[in-house]
Amino acid sequence: MKRNMGNIDSGLRIAVGLILIALTLTSVIGWWGWIGVVPLVTGLFRFCPAYRLLGLNTCQRKSLDKPSH
């Protein structure tokens, strides 16, 4: 699995996943909050299968040009 998620995207997914799971565990929302596992796992692995299918990549691109010294 090649990473296809940048730092901001990954961080937001982890935060949303943790919030949904916490709200479920504290009975603020129903069982559907367990869907938070999906953004949590994709954020931790920094890989989103849907991004791959759609050809998206939010990773910062590294410059191919090396500075000459």
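Helices here are DSSP runs of H or I with at least four residues, numbered from the N terminus. In this predicted model, Val38 belongs to one of them, helix α2. The points below cover this helix, a nonpolar surface patch, and a few residues elsewhere.

**Helix α2**
- Helix α2 spans residues 37-45.
- Pro39, Leu40, Thr42 and Gly43 are the buried residues named in α2.
- These buried residues pack against two other helices, α1 (7-25) and α3 (49-54).
- Val38 has a relative accessibility of 48% and therefore counts as partly exposed, since that class lies between under 20% for buried and over 50% for exposed.

**Nonpolar surface patch**
- A nonpolar patch on the surface is formed by Met1, Leu25, Trp31, Trp32, Trp34, Ile35, Val37, Val38, Val41, Leu44 and Phe45.
- Together, the residues of this patch have about 1,300 Å² of accessible area.
- Helix α2 contributes the most to the patch, giving five residues.

**Leu18 in helix α1**
- Leu18 is located in helix α1.
- With 47% relative accessibility, Leu18 is classed as partly exposed.
- Leu18 and Gly33 are 15 residues apart along the chain, and their C-alpha atoms are separated by 9.9 Å.

**Aromatic rings**
- The count of aromatic pairs is zero, where a pair requires ring centres within 6.5 Å.
- Arg13 sits over the face of Tyr51, 5.0 Å from the ring centre.

How values were computed. Residues numbered from 1 in each chain as written. Predicted model: local features only at pLDDT ≥ 70, side-chain atom pairs only at ≥ 80, totals over all residues. Heavy atoms only, no water. Patch = residues over 30% accessible without salt bridge, like charges linked within 9 Å, V, L, I, M, F, W, Y side chains within 5 Å. Areas by Shrake-Rupley, 256 points an atom, 1.4 Å probe, with all protein chains shown as cover. Salt bridge = Lys/Arg side-chain N within 4 Å of Asp/Glu carboxyl O. Buried < 20%, exposed > 50% of the residue type's maximum accessible area, 1.4 Å probe, protein only. Contact = heavy atoms within 4.5 Å. Phe/Tyr/Trp six-rings, centres within 6.5 Å; stacked < 30°, edge-to-face > 60°. Lys NZ or Arg CZ within 6 Å of the ring centre and 35° of its normal.
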